[in-house]
Amino acid sequence: RFSLLLLNLEEYYFEQHRANHITNKDCKDERKFRGSLKICSKSIIFEPDDNIQPIIKIPLRDCISIKAPEDNEANNPFTRNTSGGISVVCSQVFLIKERNVIAPYKTVRGRAEHLFQLDVAGKVGDVVQTLHQLYRASCLDKMGDQAAMITAILQSRLARTSFDKNRFQSISETLHMECKAEMVTPLVTNPGHVCVSDANLYFQPLNGYPKPVVQITLQNVRRIYKRRHGLMPLGLEVFCTENDLCSDIYLKFYNYQDRDEVYRLIAKYIENHIAEHTAESYVLQWQRGHISNYQYLLHLNNLADRSCNDLSQYPVFPWIIADYSSSVLDLTKPETFRDLSKPVGALNKERLDRLVTRYQEMPEPKFMYGSHYSSPGYVLFYLVRVAPEYMLCLQNGKFDHADRMFNSIAETWKNCLDGATDFKEVNKWLENYSNLLILNSLKLDLGKRQGGKMVEDVELPPWASGPDDFLQKSQEALESPYVSEHLHEWIDIIFGYKQKGSEAVAAHN
């Protein structure tokens, strides 16, 4: 049940220990719950073995004391002890996934003591010392100071460890290089060690999660891309498939020299593939009809550093259909389609006129729109039914307000046309799990709207008989002659020469 999504944004998971969580200590109804105690950079998490029991998350900033119960030094809550017990007194805790149900976190406020008894009593001293350091970091006033102290603790841990060569697939493998890096998945990164041999690429997480080592055979690699991560040239994404947008691993390095060296070592194995995958080659394949509009957009997103592992750079697709009220979708009529020569913010002339007036009256630096066509929040707006834990992670354990949820295709389109701050495109949701994006298959409690209606499945337009029909007609629209003739106009705005400068101003982009 535990995942890195239970951590706060930019939080690290360091280590875990088998332990008992003891409640009502020394009382008649004392109870012990077996599980794992996880030490993270901003919280303590206890995951019970019993799925009925909730996961307990204690923010370090809410801790009042952390000590060994037998310690008599009342003024020194952080101390070394070998009893096996750690007492954590805090002002609030979060209860997560009670009965293994994905739901908003429950907050329990009020002073309470939680006693954890480690299986290995000798580790108590080290654990308490670590918690002492992390507690001090969480109490710093400035976020930058907190991040700097946690980064120093992380780098110290990485420096004291190295890749376990016993994880090599073969004793005959030759080590080419080893360095520190982080594995990137949506909203979280996991620190560890990268190792490149003459046969494999390995990543060994510092915490052993989700498995002790990730291994990729170099002969299976088909594509690699250097990525910007956090606007820095530190990312590397590795694919073992030709056309899939989801990579096999996305790594963020601590310096670009390590990133470039790993890239060079892997590239030697796929030199015959790299030459084929240029922007020009994709343009030619698309113009000749060898790849679909959908595939072409996938490749452009890839070349533009967009990745499913980075919600701030998630693959973006255009709104295609503008008709969500007719009973029959007529793909032969141009008015069925959105004007692909304009960004979303310029599709409604009345709204655009207001925005242009504001722009002209604005002092430098000027901006046309107050929000972007894609952001982590917008991506999760569409993905909430298939990936609810991402929204809970992004929004501190809560779903968005029910009336702001992805409730209706037509309603969402209308808001993008008329809303004062809504200019989003659709992202990559025309995909194989589209049904899951539309249907509330997980039976999530997403709240009740103002009219009293519960948020359930996404309401489809009249011309769609169901999710499969909606997906099929959306794909037909994307591959229609009209879109094939005009798609390049949208590409100019999002990926091309109308992104910035005078051309962007002229295009209201």
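1. Let me start with Lys-443, which counts as exposed because its relative accessibility is 68%, above the 50% cut-off. Please keep in mind that this is a predicted model. Lys-443 sits in the loop between α11 (434–438) and α12 (467–478). Its phi is positive, about 55°, although the residue is not a glycine.

2. For background, most residues other than glycine have a negative phi, and most peptide bonds are trans.

3. Tyr-209 and Pro-210 are joined by a cis peptide bond with omega about 0°, and Pro-210 lies in the loop between β10 and β11. A cis bond also links Glu-364 to Pro-365, with omega about -5°. Pro-365 is in the loop between α7 (349–361) and α8 (376–383).

4. Now to the sheet. It is open and has 7 strands, with antiparallel pairing in the order β11-β10-β9-β8-β14-β13-β12. The edges are taken by β11 (214–217) and β12 (223–229); each has a single partner strand, so one side of each has no neighbour in the sheet. From one strand to the next, the twist averages 30°.

5. β8 and β9 pair antiparallel over 10 bridges, and Met-177 has Val-196 in β9 as its bridge partner. These two strands form a hairpin with 2 residues between them, and Leu-187 in the turn has a positive phi of about 75°. With β10 (residues 200–205), β9 pairs antiparallel over 5 bridges; Val-196 stands opposite Leu-201 in β10. The hairpin from β9 to β10 also runs through 2 residues. As for burial, 10 of the 10 residues of β9 are buried.

6. Turning to β8 (residues 175–185), 3 bridges join this strand to β14 (residues 249–253), and the two run antiparallel. Ala-181 faces Phe-253 of β14. Helix α2 (residues 143–159) packs on the sheet and touches β8 and β9 (188–197); the direction of the helix makes about 30° with that of β9.

7. How is the chain divided? There are domain 1 (4–71 + 82–159), domain 2 (173–269) and domain 3 (285–507). The C-alpha centres of domain 1 and domain 2 are 30 Å apart, and their contact takes 10 residues from domain 1 and 14 residues from domain 2. About 1200 Å² is buried between these two domains, with carbon and sulfur atoms giving 65% of that area. On the domain 1 side, Leu-4, Tyr-13 and Leu-158 supply 47% of the area buried against domain 2, more than any other three residues.

8. Last, the nonpolar cores. Which residues have the most contacts inside the largest core? In this core of 83 residues they are Trp-319, Ile-320, Val-483, Trp-490 and Ile-491. Helix α13 (residues 481–494) gives the most to the core, with 7 residues. Leaving aside neighbours within four places in sequence, Ile-320 has contacts that include Phe-337, Leu-340, Leu-478 and Val-483. A second, separate core has 30 residues, among them Ala-19, Phe-46, Val-127 and Ile-150.

Key. Residues numbered from 1 in each chain as written. Predicted model: local features only at pLDDT ≥ 70, side-chain atom pairs only at ≥ 80, totals over all residues. Heavy atoms only, no water. Core = buried A, V, L, I, M, F, W, Y, C linked by side-chain atoms within 4.5 Å. Buried < 20%, exposed > 50% of the residue type's maximum accessible area, 1.4 Å probe, protein only. Helix = DSSP H or I, 4+ residues; strand = E, 2+ residues; numbered from the N terminus. Contact = heavy atoms within 4.5 Å. Pairing = 2+ DSSP bridges. Axes fitted to C-alpha atoms, helices over the stretch in contact; angles between N-to-C directions. Domains from an automatic or database assignment. Buried area = accessible area lost by both parts, 1.4 Å probe.
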